[in-house]
Amino acid sequence: MAIGDDDVESLLALDDFAVAVVFTRAAGGTVTTRGIFTDATEETDMMSGRVETVDPKVDCDTAAISTVKRGDTVLINATTYNVERIQRLGTGFTTVHLKT
């Protein structure tokens, strides 16, 4: 079952999932929207014992952030992150990979 535009808007309207997100474009201007934020985490490979760090990311409505580019910054929960990579998922959502 595909996710439609109405589904994306509904998920981002819920305070249980979404937070305020303000992108500041390196080219000038800002983009204000809502997104589902996942903070940085660590994962341990039980076989090797290696610990891998997973960088923070935010999932946003693709249409809302169409002008956001690598090198822009984003303010989420009073912390500023750098936009490292943008991954369009083809579902109406785009994952923005972040660095502090």
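Is R70 buried or exposed? With a relative accessible area of 62%, R70 is exposed (buried means under 20% relative accessible area, exposed over 50%, partly exposed in between; 1.4 Å probe, protein chains only). The model is predicted, with local features requiring pLDDT of at least 70 and side-chain atom pairs counted only at pLDDT 80 or more, while totals for chains, interfaces and linings use all residues. Residues are numbered from 1 along each chain as its sequence is written, and side-chain values use heavy atoms, with hydrogens and water left out.

Six strands close into a barrel in the order β1-β2-β5-β8-β7-β6, with antiparallel pairing (strands, E, at least two residues, are DSSP runs numbered from the N terminus; two strands pair if DSSP finds at least two bridges between them). From one strand to the next, the twist averages 45 degrees (axes are lines fitted to C-alpha atoms, and angles run from 0 to 180 degrees between N-to-C directions). Strands β1 (residues 19–24) and β2 (residues 30–38) run antiparallel and are joined by six bridges; V21 has T33 as its bridge partner in β2.

The largest nonpolar core comprises 14 residues (a set of buried Ala, Val, Leu, Ile, Met, Phe, Trp, Tyr and Cys residues joined through side-chain atoms within 4.5 Å). Among the residues with the most contacts inside this core are F23, V58 and V96. Two or more residues each are contributed by β1, β2, β5 (57–61), β6 (73–76), β7 (79–88) and β8. Beyond its neighbours within four places in sequence, V58 is in contact with residues including V21, F23, I76 and L98 (contact means heavy atoms within 4.5 Å).

One aromatic pair is counted (rings of Phe, Tyr and Trp, the last by its six-membered ring, pair if their centres lie within 6.5 Å; planes under 30 degrees apart count as stacked, over 60 as edge-to-face and the rest as tilted). The ring centres of F37 and Y81 are 5.6 Å apart and the planes stand at 45 degrees, so the pair is tilted. F37 in β2 and Y81 in β7 are 44 residues apart. Y81 is buried at 6% relative accessible area.

Three salt bridges are present (a side-chain nitrogen of Lys or Arg within 4 Å of a carboxyl oxygen of Asp or Glu). R70 pairs with E84, with the closest N and O atoms 3.5 Å apart. R70 lies in the loop between β5 and β6 and E84 in strand β7, so the pair ties together parts 14 residues apart in sequence. R25 forms a salt bridge with D72 at 3.6 Å, and D72 is buried at 2% relative accessibility. D55 and K99 meet at 3.0 Å, N to O.

Note on methods: Helices (H or I, at least four residues) and strands (E, at least two) are DSSP runs, numbered from the N terminus.
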